[in-house]
Amino acid sequence: MINYDDHNIFAKILRGEIPCKKIYEDEFVLSFYDINPQKKIHALVIPKGKYVDLDDFCKNASPKEMVGMFKGIEIVSNKLGISLRSGKGYRALTNIGNDGGQEVPHLHFHLFGGEKIGKMVS
Ligand code: AMP
């Protein structure tokens, strides 16, 4: 069982204790711009539930939360004009654990777009 840290920065954003540049919100997800953008468009999509990473989410989230998470990514990519429907494309990425390079222990998907994203792993 993974322990979720209620003091992580995204938990604080979800509780409204720290501001964010909000892109979208619904029952299942919150999306906001990354504070340190790595590409022209760099958004984050996080579930509202307390999940440390994708592994935790896949094991413990409800089917409704899972659908909500992935629908959220689709909605946000359209809202940002980076989706295939917008004639573009983007990269969705999630880091898991130490070797994966995860810094914030609340599941988040990075959405990179607005330009050619380039090499998959550097
Ligand atoms: P990761 O390394 O996958 O855990 O990514 C964490 C991401 O969170 C990094 O890209 C940070 O720039 C981003 N980040 C950290 N604090 C904030 C914040 N307060 N608002 C928006 N993004 C943040």
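I call a residue buried under 20% relative accessible area, exposed over 50%, and partly exposed in between (1.4 Å probe, protein chains only). I work on a predicted model, where local features need pLDDT of at least 70, side-chain atom pairs count only at pLDDT 80 or more, and totals for chains, interfaces and linings use all residues. Residues are numbered from 1 along each chain as its sequence is written, and side-chain values use heavy atoms, with hydrogens and water left out.

**Entry: Leu84**

I checked Leu84 first. Is Leu84 buried or exposed? Leu84 counts as exposed because its relative accessible area is 71%. I found Leu84 in the loop between helix 3 (63–79) and strand 4 (91–93). Helices (H or I, at least four residues) and strands (E, at least two) are DSSP runs, numbered from the N terminus. Glu74 is ten residues from Leu84 along the chain, and their C-alpha atoms are 9.9 Å apart.

**Entry: Leu44**

I then went to strand 3 (residues 41–47), which holds Leu44. Leu44 has 2% relative accessibility, so it counts as buried. From Leu44 to Ala92 I read 9.3 Å, C-alpha to C-alpha, across 48 residues of sequence.

**Entry: the ligand**

Which residues are closest to the ligand? They are Asp34, Asn95, Glu103, His108 and His110, in a shell of 16 residues.

I listed polar contacts next. Such a contact is a pair of N or O atoms within 3.5 Å; within protein, one must be able to donate a hydrogen and the other to accept it, and residues adjacent in sequence count only if both atoms are side-chain atoms. A side-chain N or O atom of Asp34 is 2.5 Å from a ligand oxygen. A polar side-chain atom of His108 is 2.8 Å from an oxygen atom of the ligand. Ile35 uses a backbone N or O atom, 3.1 Å from a ligand nitrogen.

I sorted the shell by type: eight nonpolar, six polar and two charged residues. Ala, Val, Leu, Ile, Met, Phe, Trp, Tyr, Cys and Pro count as nonpolar, Asp, Glu, Lys and Arg as charged, and the others, Gly among them, as polar. Helix 1 gives the largest share of the shell, three residues.

**Entry: His110**

I returned to His110, which lies in strand 5 (residues 109–113). Why does His110 count as buried? The reason is its relative accessibility of 10%.

Terms used
Near = heavy atom within 4 Å.
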